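Look over the sequence and the model, then read the points below.

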Amino acid sequence: MNRPFWGFRAQLASLYSKGQAKTCYTTVVWTAILVLFMLIVPTYLEACPGCKNLDDPINKGFNWSILFMMAMPFTVFGLVGGTIFLHFNGNRLSAISNQWRLKVRNLLAGRDKR
Amino acid sequence: MAQNNAEIHERPPLSNARLAVLVLLGAETMLFSGLIGAFLVFRVGNVTWPPPSHIGIELPRVITGINTALLLLSGYTMFQAHRAIRKDQVQQLRRWLLITGVLGLLFLGVQGSEWVQLIRNGLTLQSGVYGGIFYVLIGCHALHVLTAVIWLLVVYGMAVAGRFSAQRYVGVDTCTIYWIFVVALWPILYVLVYLL
(Lines give C-alpha, C1' and ligand atoms only; values in the text may rest on other atoms or scores of the structure.)
Protein backbone atom coordinates (compact mmCIF):
# COMPACT_ATOMS: atom_id res chain seq x y z
CA MET A 1 0.00 0.00 0.00
CA ASN A 2 1.50 3.33 -1.09
CA ARG A 3 0.33 5.93 1.41
CA PRO A 4 1.93 9.39 1.49
CA PHE A 5 2.28 9.28 5.25
CA TRP A 6 4.50 6.21 5.04
CA GLY A 7 6.57 7.92 2.36
CA PHE A 8 7.02 10.87 4.69
CA ARG A 9 8.03 8.53 7.49
CA ALA A 10 10.52 6.86 5.17
CA GLN A 11 11.92 10.27 4.27
CA LEU A 12 12.24 11.11 7.95
CA ALA A 13 13.99 7.83 8.58
CA SER A 14 16.35 8.55 5.69
CA LEU A 15 17.12 12.00 7.10
CA TYR A 16 17.55 10.47 10.55
CA SER A 17 20.08 8.03 9.19
CA LYS A 18 21.96 10.97 7.62
CA GLY A 19 21.97 12.74 10.97
CA GLN A 20 19.47 15.44 9.84
CA ALA A 21 16.47 14.24 11.83
CA LYS A 22 16.47 17.31 14.06
CA THR A 23 16.20 19.68 11.09
CA CYS A 24 13.35 17.66 9.66
CA TYR A 25 11.39 17.46 12.91
CA THR A 26 11.88 21.21 13.51
CA THR A 27 10.47 21.97 10.07
CA VAL A 28 7.45 19.74 10.69
CA VAL A 29 6.75 21.31 14.08
CA TRP A 30 7.03 24.88 12.76
CA THR A 31 4.82 24.08 9.77
CA ALA A 32 2.20 22.60 12.09
CA ILE A 33 2.32 25.71 14.33
CA LEU A 34 1.97 28.00 11.29
CA VAL A 35 -0.97 26.04 9.87
CA LEU A 36 -2.68 26.07 13.27
CA PHE A 37 -2.11 29.82 13.56
CA MET A 38 -3.59 30.37 10.09
CA LEU A 39 -6.65 28.31 10.98
CA ILE A 40 -7.20 30.08 14.30
CA VAL A 41 -6.71 33.70 13.17
CA PRO A 42 -7.51 33.88 9.44
CA THR A 43 -8.47 37.58 9.55
CA TYR A 44 -4.98 38.71 10.50
CA LEU A 45 -3.40 36.78 7.66
CA GLU A 46 -5.41 38.38 4.85
CA ALA A 47 -2.65 39.57 2.57
CA CYS A 48 -4.55 40.79 -0.47
CA PRO A 49 -5.51 44.49 -0.23
CA GLY A 50 -7.47 44.25 -3.46
CA CYS A 51 -9.81 41.64 -1.94
CA LYS A 52 -10.97 43.92 0.87
CA ASN A 53 -13.77 46.43 0.93
CA LEU A 54 -13.29 48.80 -2.02
CA ASP A 55 -15.32 51.63 -0.44
CA ASP A 56 -12.26 52.51 1.58
CA PRO A 57 -10.04 54.90 -0.46
CA ILE A 58 -6.83 53.30 0.85
CA ASN A 59 -7.96 49.88 -0.38
CA LYS A 60 -8.95 51.43 -3.68
CA GLY A 61 -5.47 52.95 -3.93
CA PHE A 62 -3.84 49.59 -3.26
CA ASN A 63 -6.13 47.99 -5.82
CA TRP A 64 -5.18 50.46 -8.58
CA SER A 65 -1.53 50.15 -7.66
CA ILE A 66 -1.65 46.34 -7.83
CA LEU A 67 -3.45 46.40 -11.17
CA PHE A 68 -0.91 48.86 -12.58
CA MET A 69 2.11 46.93 -11.36
CA MET A 70 0.62 43.63 -12.51
CA ALA A 71 0.40 45.02 -16.04
CA MET A 72 3.99 46.27 -16.13
CA PRO A 73 5.92 42.98 -16.52
CA PHE A 74 3.71 42.07 -19.46
CA THR A 75 4.26 45.52 -20.99
CA VAL A 76 8.04 45.32 -20.49
CA PHE A 77 8.39 41.79 -21.83
CA GLY A 78 6.02 42.62 -24.67
CA LEU A 79 7.95 45.71 -25.72
CA VAL A 80 11.44 44.22 -25.33
CA GLY A 81 10.35 40.93 -26.92
CA GLY A 82 8.55 42.78 -29.71
CA THR A 83 11.62 44.89 -30.44
CA ILE A 84 13.86 41.81 -30.58
CA PHE A 85 11.33 39.99 -32.77
CA LEU A 86 11.13 42.94 -35.18
CA HIS A 87 14.92 43.13 -35.37
CA PHE A 88 15.21 39.48 -36.30
CA ASN A 89 12.17 39.34 -38.61
CA GLY A 90 11.95 42.91 -39.89
CA ASN A 91 13.06 42.15 -43.46
CA ARG A 92 10.80 39.12 -43.78
CA LEU A 93 7.80 41.01 -42.37
CA SER A 94 8.33 44.01 -44.63
CA ALA A 95 8.55 41.65 -47.65
CA ILE A 96 5.24 40.03 -46.63
CA SER A 97 3.59 43.40 -46.06
CA ASN A 98 4.83 44.62 -49.46
CA GLN A 99 3.35 41.51 -51.10
CA TRP A 100 -0.01 42.13 -49.45
CA ARG A 101 0.09 45.83 -50.32
CA LEU A 102 0.67 44.90 -53.95
CA LYS A 103 -2.16 42.36 -53.87
CA VAL A 104 -4.60 44.91 -52.38
CA ARG A 105 -3.53 47.55 -54.89
CA ASN A 106 -4.05 45.14 -57.77
CA LEU A 107 -7.40 44.07 -56.36
CA LEU A 108 -8.55 47.67 -56.04
CA ALA A 109 -7.42 48.43 -59.57
CA GLY A 110 -9.28 45.34 -60.83
CA ARG A 111 -6.11 43.75 -62.15
CA ASP A 112 -6.14 40.64 -60.00
CA LYS A 113 -5.78 37.81 -62.50
CA ARG A 114 -6.53 34.98 -60.08
CA MET B 1 39.43 34.63 -47.58
CA ALA B 2 36.12 35.67 -49.06
CA GLN B 3 34.32 33.68 -46.38
CA ASN B 4 36.34 35.43 -43.66
CA ASN B 5 35.41 38.82 -45.08
CA ALA B 6 31.77 37.80 -45.15
CA GLU B 7 31.99 36.77 -41.50
CA ILE B 8 33.63 40.07 -40.56
CA HIS B 9 31.02 42.18 -42.33
CA GLU B 10 28.05 40.11 -41.24
CA ARG B 11 26.44 41.88 -38.28
CA PRO B 12 23.78 40.42 -35.99
CA PRO B 13 20.30 41.91 -36.44
CA LEU B 14 20.43 43.23 -32.87
CA SER B 15 23.77 44.33 -31.45
CA ASN B 16 24.81 43.30 -27.96
CA ALA B 17 24.96 46.93 -26.82
CA ARG B 18 21.43 47.55 -28.02
CA LEU B 19 20.18 44.40 -26.30
CA ALA B 20 21.92 45.48 -23.08
CA VAL B 21 20.23 48.89 -23.20
CA LEU B 22 16.86 47.22 -23.77
CA VAL B 23 17.39 45.02 -20.70
CA LEU B 24 18.48 48.08 -18.70
CA LEU B 25 15.36 49.93 -19.79
CA GLY B 26 13.24 46.95 -18.74
CA ALA B 27 14.73 47.23 -15.26
CA GLU B 28 14.24 51.03 -15.27
CA THR B 29 10.61 50.58 -16.26
CA MET B 30 10.07 48.25 -13.32
CA LEU B 31 11.71 50.77 -10.98
CA PHE B 32 9.44 53.56 -12.18
CA SER B 33 6.37 51.33 -12.13
CA GLY B 34 7.09 50.62 -8.45
CA LEU B 35 7.35 54.33 -7.74
CA ILE B 36 4.18 55.09 -9.74
CA GLY B 37 2.45 52.26 -7.88
CA ALA B 38 3.38 53.89 -4.57
CA PHE B 39 2.13 57.24 -5.88
CA LEU B 40 -1.19 55.67 -6.90
CA VAL B 41 -1.67 54.25 -3.39
CA PHE B 42 -1.26 57.71 -1.87
CA ARG B 43 -3.11 59.61 -4.61
CA VAL B 44 -6.18 57.35 -4.78
CA GLY B 45 -6.00 56.63 -1.04
CA ASN B 46 -6.37 60.30 -0.13
CA VAL B 47 -9.77 61.85 -0.71
CA THR B 48 -8.23 65.35 -0.86
CA TRP B 49 -5.05 65.80 -2.86
CA PRO B 50 -2.83 67.59 -1.91
CA PRO B 51 -3.49 66.48 1.68
CA PRO B 52 -4.96 69.14 4.02
CA SER B 53 -1.51 69.90 5.48
CA HIS B 54 -0.30 71.05 2.03
CA ILE B 55 -3.38 72.94 0.85
CA GLY B 56 -1.56 76.23 0.15
CA ILE B 57 1.18 74.67 -1.96
CA GLU B 58 0.57 74.75 -5.71
CA LEU B 59 2.71 72.82 -8.17
CA PRO B 60 3.83 74.98 -11.14
CA ARG B 61 1.70 73.31 -13.80
CA VAL B 62 2.14 75.86 -16.61
CA ILE B 63 5.94 76.18 -16.39
CA THR B 64 6.28 72.41 -16.14
CA GLY B 65 3.97 72.09 -19.14
CA ILE B 66 6.34 74.31 -21.14
CA ASN B 67 9.24 72.28 -19.78
CA THR B 68 7.49 69.11 -20.97
CA ALA B 69 7.29 70.61 -24.45
CA LEU B 70 11.05 71.31 -24.29
CA LEU B 71 11.80 67.72 -23.36
CA LEU B 72 9.54 66.39 -26.10
CA LEU B 73 11.35 68.66 -28.54
CA SER B 74 14.64 67.20 -27.36
CA GLY B 75 13.25 63.76 -28.23
CA TYR B 76 12.63 65.01 -31.77
CA THR B 77 16.13 66.49 -32.07
CA MET B 78 17.68 63.25 -30.80
CA PHE B 79 15.69 61.35 -33.40
CA GLN B 80 17.07 63.73 -36.04
CA ALA B 81 20.63 63.12 -34.77
CA HIS B 82 20.11 59.38 -35.16
CA ARG B 83 18.72 59.91 -38.64
CA ALA B 84 21.68 62.10 -39.59
CA ILE B 85 24.29 59.47 -38.67
CA ARG B 86 22.37 56.80 -40.56
CA LYS B 87 22.77 59.04 -43.63
CA ASP B 88 26.47 59.54 -42.76
CA GLN B 89 25.97 63.27 -42.07
CA VAL B 90 28.42 63.69 -39.19
CA GLN B 91 28.19 67.48 -39.17
CA GLN B 92 24.41 67.30 -38.80
CA LEU B 93 24.81 64.68 -36.07
CA ARG B 94 27.00 67.03 -34.01
CA ARG B 95 24.54 69.88 -34.45
CA TRP B 96 21.50 67.84 -33.42
CA LEU B 97 23.34 66.29 -30.47
CA LEU B 98 24.36 69.74 -29.24
CA ILE B 99 20.78 71.04 -29.52
CA THR B 100 19.50 67.96 -27.66
CA GLY B 101 22.03 68.42 -24.88
CA VAL B 102 21.14 72.10 -24.49
CA LEU B 103 17.42 71.24 -24.32
CA GLY B 104 18.14 68.56 -21.70
CA LEU B 105 20.16 70.96 -19.58
CA LEU B 106 17.43 73.58 -19.96
CA PHE B 107 14.87 71.07 -18.71
CA LEU B 108 17.05 70.27 -15.69
CA GLY B 109 17.60 73.97 -14.99
CA VAL B 110 13.87 74.75 -15.01
CA GLN B 111 13.21 71.71 -12.80
CA GLY B 112 15.89 72.85 -10.36
CA SER B 113 14.50 76.39 -10.14
CA GLU B 114 11.02 74.96 -9.56
CA TRP B 115 12.33 72.81 -6.72
CA VAL B 116 14.01 75.79 -5.08
CA GLN B 117 10.70 77.68 -5.24
CA LEU B 118 8.77 74.71 -3.82
CA ILE B 119 11.23 74.22 -0.96
CA ARG B 120 10.89 77.92 -0.12
CA ASN B 121 7.11 77.44 -0.06
CA GLY B 122 7.50 74.63 2.47
CA LEU B 123 7.26 71.51 0.31
CA THR B 124 10.21 69.40 1.44
CA LEU B 125 11.03 65.71 1.49
CA GLN B 126 10.21 65.59 5.20
CA SER B 127 7.00 67.62 5.02
CA GLY B 128 4.81 64.54 4.52
CA VAL B 129 3.66 61.96 2.02
CA TYR B 130 2.93 64.59 -0.64
CA GLY B 131 6.43 66.08 -0.56
CA GLY B 132 8.08 62.69 -0.15
CA ILE B 133 6.46 61.02 -3.14
CA PHE B 134 6.82 64.18 -5.28
CA TYR B 135 10.56 64.51 -4.73
CA VAL B 136 11.28 60.80 -4.99
CA LEU B 137 9.32 60.34 -8.23
CA ILE B 138 10.31 63.57 -9.99
CA GLY B 139 13.83 63.45 -8.53
CA CYS B 140 14.36 59.94 -9.82
CA HIS B 141 13.37 61.09 -13.30
CA ALA B 142 15.60 64.18 -13.04
CA LEU B 143 18.49 61.90 -12.10
CA HIS B 144 17.80 59.86 -15.22
CA VAL B 145 17.74 63.00 -17.36
CA LEU B 146 21.09 64.01 -15.82
CA THR B 147 22.51 60.57 -16.65
CA ALA B 148 21.17 60.88 -20.19
CA VAL B 149 22.74 64.34 -20.58
CA ILE B 150 26.15 63.04 -19.37
CA TRP B 151 25.84 60.09 -21.76
CA LEU B 152 24.90 62.50 -24.56
CA LEU B 153 27.95 64.68 -23.84
CA VAL B 154 30.20 61.61 -24.06
CA VAL B 155 28.57 60.68 -27.38
CA TYR B 156 28.98 64.29 -28.57
CA GLY B 157 32.69 64.15 -27.67
CA MET B 158 33.03 60.92 -29.64
CA ALA B 159 31.19 62.51 -32.58
CA VAL B 160 33.58 65.48 -32.50
CA ALA B 161 36.50 63.02 -32.47
CA GLY B 162 35.02 61.44 -35.62
CA ARG B 163 34.31 58.06 -34.10
CA PHE B 164 30.94 57.56 -35.83
CA SER B 165 29.95 56.79 -39.40
CA ALA B 166 26.96 55.31 -41.23
CA GLN B 167 28.46 51.86 -40.69
CA ARG B 168 29.47 52.34 -37.07
CA TYR B 169 27.12 54.21 -34.76
CA VAL B 170 26.25 51.92 -31.84
CA GLY B 171 27.05 54.71 -29.35
CA VAL B 172 24.52 57.05 -30.94
CA ASP B 173 22.03 54.22 -31.23
CA THR B 174 22.09 53.24 -27.55
CA CYS B 175 22.09 56.85 -26.37
CA THR B 176 19.05 57.55 -28.58
CA ILE B 177 17.14 54.61 -27.07
CA TYR B 178 17.87 55.80 -23.54
CA TRP B 179 17.00 59.39 -24.35
CA ILE B 180 13.71 58.44 -25.99
CA PHE B 181 12.85 56.36 -22.89
CA VAL B 182 13.52 59.30 -20.56
CA VAL B 183 11.51 61.64 -22.80
CA ALA B 184 8.58 59.22 -23.17
CA LEU B 185 8.40 58.65 -19.43
CA TRP B 186 8.10 62.32 -18.51
CA PRO B 187 4.57 63.08 -19.92
CA ILE B 188 3.21 60.13 -17.89
CA LEU B 189 4.78 61.51 -14.71
CA TYR B 190 3.63 65.04 -15.55
CA VAL B 191 0.02 63.98 -15.98
CA LEU B 192 0.08 61.80 -12.84
CA VAL B 193 1.87 64.15 -10.46
CA TYR B 194 1.00 67.62 -11.73
CA LEU B 195 -2.42 67.30 -13.37
CA LEU B 196 -4.32 64.53 -11.55
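Start with a helix pair in chain B. From α5(B), the residues B:F134, B:L137, B:I138, B:H141, B:H144, B:V145, B:A148, B:W151, B:L152, B:V155 and B:M158 take part in the contact. They meet B:G171, B:V172, B:C175, B:Y178, B:W179, B:V182, B:L185, B:W186, B:L189 and B:V193 of α6(B). Sorted by class, this contact has 18 nonpolar and 3 polar residues, and no charged ones. The model is predicted.

**Geometry of the helix pair**

- Helix α5 of chain B covers residues 129–160, and helix α6 of chain B covers residues 170–195.
- The two helices pack at an angle of about 160°.
- Because angles over 145 degrees count as roughly antiparallel, α5(B) is roughly antiparallel to α6(B).
- Their axes lie 10 Å apart.
- The crossing of α5(B) and α6(B) is left-handed.

**Chain A on its own**

- Chain A has 3 helices and 0 strands.
- Read from the N terminus, the order of elements in chain A is α-α-α.
- Chain A has 114 residues, of which 4% count as buried.

**Where chain A meets chain B**

- On the chain A side, 16 residues are in contact with 18 residues of chain B.
- The chain A residues on the side that touches chain B comprise 11 nonpolar, 4 polar and 1 charged.

Conventions
Residues are numbered from 1 along each chain as its sequence is written. Chains are lettered from A and ligands numbered from 1 in the order in which they are written. This is a predicted model: local features need pLDDT of at least 70, side-chain atom pairs count only at pLDDT 80 or more; totals for chains, interfaces and linings use all residues. Helices (H or I, at least four residues) and strands (E, at least two) are DSSP runs, numbered from the N terminus. A residue is buried if 20 or more other C-beta atoms lie within 10 Å of its own, exposed if 12 or fewer, and partly exposed in between; C-beta atoms are placed from the backbone. Two residues are in contact if their C-beta atoms, placed from the backbone, lie within 7 Å. Ala, Val, Leu, Ile, Met, Phe, Trp, Tyr, Cys and Pro count as nonpolar, Asp, Glu, Lys and Arg as charged, and the others, Gly among them, as polar. Axes are lines fitted to C-alpha atoms, for helices over the stretch in contact, and angles run from 0 to 180 degrees between N-to-C directions. Angles under 35 degrees count as roughly parallel, over 145 as roughly antiparallel, 65 to 115 as roughly perpendicular and the rest as oblique. A crossing is left-handed if the near helix is turned anticlockwise from the far one by less than a right angle, and right-handed if clockwise.
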